[in-house]
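Please look through the sequence and the model below, and then follow the explanation from one part of the structure to the next.

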Amino acid sequence: MRKQMLVKAFLASLVLLLSGCSLSTSSKAPDGGVWKSADTGKSWQQANDVLATKGKVLGLGSVGVNRISFDPQDNKTIYLATENNGVFYSLDAGTSWQGFVQLPKATFNDVAVNPKNKCVVYAVTGNKLFKTENCGRDFSNVYYHQKDQVILNAIAIDFYDPQVIYLGTSEGELLKSTDGGRAWQTSYRAGSAVIDLLIDPADSRIVYAGTQKNGLFKTVNSGAAWTEIDTGIKSYSGVSEYRRLLVDPATVGGLIFVSKSAIIRSSDRGASWKPMELLPSQKAVVITSAGVNPQNSSELYYTTASTLVKTADAGSTWSSTKLPHTQNTSFFAVAKDGSAYLSTKKIKK
C-alpha cells in the first residue's frame with residue numbers, strides 16, 4: 001500500500017512539473033509571460049513552458065516580454081525579446097520555449113529574422129546588435145552604438161535584399177546597413193526615440209518608423225529620404241501618446257496607428273487617415289496593445305488594463321472579454337494561421 005502511495009505521489013509530481021504552470025499549483029502562481037488563443041480570442045491558455053537542463057520544465061510566468069516576433073517563413077517559430085532574461089524561441093508555436101544561452105540575460109527590445117534564411121537572426125539590447133548565422137549556436141556582437149547611453153529599440157530587415165537592415169535608436173536615429181550589419185550609416189534623424197520599424201509587405205523600399213513623440217515617418221526609396229506621414233492624424237483627439245504602428249498585410253498600403261485612446265487607419269500608406277469608432281465605454285481608457293490578423297484586415301484587437309476588445313468587421317461592431325491575466329499587456333501579435341498571442345509585463349506602481 002505504501003509503495004502504491006509513493007508511486008501515485010511521484011506521478012502526480014511529474015504531471016505538475018511537466019505542466020509548466022509557472023512552477024506552482026497555487027492560485028497565486030504567476031499569470032504573466034505569454035498567452036495564446038487558437039479561437040480568435042475567445043479562450044486563452046498560458047504558453048510558458050521553458051525546456052531547461054536535465055529535462056526540467058520552467059515557466060515564463062514572471063518574465064516581462066517586450067516584443068513577440070515571428071519567423072517570416074514559419075509562423076510556428078516565434079521569438080521573445082524579454083526584460084532582464086535575454087531572448088527565448090519556440091519551434092512549436094509556443095508549446096515550449098528555449099533560451100539562447102549564448103546571449104546575455106539582459107533586456108532585449110527587438111528580434112528580427114532574415115526573411116530568406118531562418119538561421120540568420122538579429123537581436124538588440126542596450127547599444128548592441130547581436131547576430132547569429134547558424135540558428136543560434138553562437139552569436140556575435142556585430143554592432144554597438146558609440147554612445148553607451150543610446151538604446152537600440154527596433155530592427156527591420158528588407159525582405160527583397162536581406163543584407164539591408166534598419167535600426168531605430170532612443171536618440172531618434174534611423175540607421176541603415178547594406179552588408180548584413182557590419183557597417184552602418186545614419187539614414188535620418190527623427191528627433192525622438194524610434195519605437196517601431198516596419199517594412200511595407202508589398203514593396204521593401206518603403207519603410208515606416210514610429211517615434212515616441214515626433215509622429216510617423218516613411219521612406220519610399222530605401223532610406224534615401226524620409227517624410228512625415230501623420231499630418232492627418234494630429235487633427236484627431238486622443239492621439240498624443242504613441243503606442244504602436246501596425247502594417248496591415250491584407251490591405252495593400254494598409255497602416256494602423258495606435259495611440260493611448262485612439263486607433264486610426266490608412267489604406268494609402270499614410271497619405272490619408274480615418275479614425276475607428278471604438279466601444280463607447282472604451283473611449284476614456286488606456287489602450288495598452290493592439291494587433292491585426294495578417295490574413296484579414298477586418299479582424300482587429302486591442303487591450304486595456306483588464307479587457308480584450310475585438311472587431312471582426314473592421315470596427316462596425318466590437319466585443320469585449322476579460323483578459324486572462326493580471327499583468328500589463330505589453331505586446332499583441334497574430335500569426336498567419338490566425339492564432340493570437342499576447343505577452344505581459346508587471347504593472348509598475
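The link of Cys119 and Cys135 is left-handed, with -65° about the S-S bond. Cys119 lies in the loop between strand 9 (108-113) and strand 10 (121-125), while Cys135 belongs to the loop between strand 11 (128-132) and strand 12 (140-144), so the pair ties together parts that are 16 residues apart in sequence. The sulfur atoms of Cys119 and Cys135 are 1.7 Å apart, and the pair counts as a disulfide (cysteine sulfur atoms within 2.5 Å). The structure holds 1 disulfide. Cys119 is partly exposed, at a relative accessible area of 22%, and Cys135 is partly exposed as well, at 40%.

This is a predicted model, in which local features need pLDDT of at least 70 and side-chain atom pairs count only at pLDDT 80 or more, whereas totals for chains, interfaces and linings use all residues. Residues are numbered from 1 along each chain as its sequence is written, and side-chain values use heavy atoms, leaving out hydrogens and water.

Turning to another residue, Arg67 lies in strand 5 (residues 65-71), strands being DSSP runs of E with at least two residues, numbered from the N terminus. Arg67 is buried, with a relative accessible area of 13%; buried means under 20%, exposed over 50% and partly exposed in between, for a 1.4 Å probe and protein chains only. A polar atom of the Arg67 side chain lies 3.2 Å from the backbone oxygen of Ile195. Residues that Arg67 touches, not counting those up to four places away in sequence, include Tyr79, Asn109, Asn153 and Phe331, where contact means heavy atoms within 4.5 Å.

Notes: Helix = DSSP H or I, 4+ residues; strand = E, 2+ residues; numbered from the N terminus. Polar contact = N/O pair within 3.5 Å; in protein donor to acceptor, adjacent residues only side chain to side chain.
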